[in-house]
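Reader: Could you walk me through the charged and aromatic side-chain contacts in this model? I'd enjoy taking them one at a time.

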Amino acid sequence: MQTISNDTARRIALAAQGFADPRPRGAVTRRHLQRALSRTKLLQLDSVNVAVRAHYMPLFSRLGAYPAELVDTAAWSHTARQPRLLVEYWAHEASLIPVEDWPLLRWRMREHGGAWRKRSRELLEQNPELVNDVLNAVKELGPIGAGRLERELGGGERQGRGPWWNRTDTKRVCELLFAMGELTTGTRRGFERLYDLPERVLPAEVLAREPEDADALRTLVERSAEALGVATETDLRDYYRLSPAQSKQAVADLIEGGVLEPVAVRGWRQPAYRHTAARVPRKITGRALLCPFDPVVWERSRAERLFGFRYRIEIYVPEPQRQYGYYVFPFLLDGELVGRVDIKADRNAGVLRIPGAFLETGHDATRVAPELAAALREMATWLGLDDVVVGERGDLIRPLNAELAAG
């Protein structure tokens with residue numbers, strides 16, 4: 001078994017995520033979007049919009065400034081000339097996945113999205129009439145939001161049909177049918193999901209595919225390995241939120257098939273597996289702000305293992321107890337996480353606010369501050385904001401403010 005250094009593992013991991021690829025020199029196109037998606041495999045969705053929606057940011061981190069409409073049209077519209085590239089489903093949490101990967105999650109759809117949906121499944125068993133009503137209403141009116149469905153199903157003679165029916169139940173049925181693959185997102189209005197039937201959203205050939213569960217799970221773990229480059233079994237499992245039994249069997253199959261090779265990474269306590277096609281660049285250069293839901297950092301123990309970077313999201317921590325801030329972005333520079341910055345897009349004032357900026361131990365502020373200032377200016381421009389305004393927290397604030405004032 002080969003032994004590699006943590007530095008080598010870090011370069012492999014960042015290359016797998018697209019950080020060894022050159023950024024586009026001109027306008028970013030659908031082709032660039034597809035290349036970035038071939039690295040990340042999926043984009044996590046999240047409702048927090050304090051800086052920018054989570055599904056837009058990983059592409060900015062890899063491609064630089066790009067029109068957000070590229071994602072919107074890829075995910076929530078389709079024409080004969082530009083077919084839909086992405087569809088929503090539960091992958092690594094709620095995610096946008098490539099349309100062709102929808103059949104790989106059929107097994108999860110048969111499980112109603114997971115055991116945590118027990119209360120919703122009770123609705124399916126105890127009030128099948130409401131389930132049928134929702135499906136029929138979407139068929140007739142879709143794409144349609146849960147709020148309008150509640151109004152449609154709650155009026156006239158439908159109201160108060162039984163002890164299980166209420167407005168919350170309608171929304172829960174929508175979510176359950178989405179988890180079962182009986183409904184999907186036709187489009188979004190703002191961030192509101194408008195439900196539609198899969199046959200009106202996805203190509204017939206995609207809907208017709210029904211892989212065996214073992215084949216689908218093996219493919220998902222292979223996708224994880226491609227996206228991670230080198231990883232523990234736990235890392236591979238986490239990318240699509242598989243069970244230990246599912247993941248371990250798939251890893252064993254992929255080793256036998258020559259897709260994965262066991263390696264030892266110095267400093268890692270668990271065995272690791274490298275995808276045999278993973279690149280090992282001599283160095284990683286460039287800078288990127290990473291949102292809390294970027295695949296590089298979303299598995300916190302992996303980020304700590306690879307970068308020595310302990311990272312926790314503090315949205316739900318009371319403000320006086322926060323160490324770094326509400327919505328903190330790690331800062332990647334030349335293959336290392338060198339700092340972290342609390343970011344808020346103040347759209348009313350037209351500025352990108354930076355309440356706090358912090359330098360990681362062992363790094364030089366005179367090197368980090370100019371690069372961080374440039375990255376923040378680029379992000380502000382991309383978001384249509386006019387300026388970057390810094391606050392008072394953190395040891396990077398003064399040098400960062402000086403760079404911004406000079407620039």
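Reader: Which helix holds both Arg148 and Glu152?

Author: In this predicted model, the side chains of Arg148 and Glu152 meet in a salt bridge, with 3.6 Å from N to O. The two residues are four apart, about one turn of the helix. The helix that holds both is α8, residues 146-154.

Reader: Thanks! Is Arg148 buried, partly exposed or exposed?

Author: Buried means under 20% relative accessible area and exposed means over 50%. Arg148 has 35% relative accessibility, so its class is partly exposed.

Reader: How many residues apart in sequence are the parts tied together by Glu226 and Lys41?

Author: Happy to look at that one. Glu226 and Lys41 form a salt bridge whose closest N and O atoms are 2.8 Å apart. Because Glu226 lies in helix α11 (residues 213-228) and Lys41 in the loop between α2 and β2 (43-44), the pair ties together parts whose separation in sequence is 185 residues.

Reader: Where does Arg279, the partner of Asp21, lie?

Author: Asp21 forms a salt bridge with Arg279, and their closest N and O atoms are 3.1 Å apart. This pair links distant parts of the chain, 258 residues apart, with Asp21 in the loop between α1 (6-16) and α2 (30-40). Arg279 lies in the loop between β10 (272-275) and β11 (287-289).

Reader: Let's turn to the rings. How many aromatic pairs are there, and is the pair of Phe60 and Trp382 stacked or tilted?

Author: The count comes to nine aromatic pairs. Phe60 and Trp382 are 4.3 Å apart, centre to centre, with 10° between the planes. Planes under 30 degrees apart count as stacked, so this pair is stacked.

Reader: One last one: which ring has the charged end of Arg340 at 4.2 Å from its centre?

Author: Arg340 lies over the face of Phe309, at 4.0 Å from the ring centre. The ring with the 4.2 Å distance is that of Tyr324.

Note on methods
Residues are numbered from 1 along each chain as its sequence is written. This is a predicted model: local features need pLDDT of at least 70, side-chain atom pairs count only at pLDDT 80 or more; totals for chains, interfaces and linings use all residues. Side-chain values use heavy atoms; hydrogens and water are left out. A salt bridge is a side-chain nitrogen of Lys or Arg within 4 Å of a carboxyl oxygen of Asp or Glu. Buried means under 20% relative accessible area, exposed over 50%, partly exposed in between (1.4 Å probe, protein chains only). Rings of Phe, Tyr and Trp (its six-membered ring) pair if their centres lie within 6.5 Å; planes under 30 degrees apart count as stacked, over 60 as edge-to-face and the rest as tilted. A charge sits over a ring if NZ of Lys or CZ of Arg is within 6 Å of the ring centre and within 35 degrees of the ring normal.
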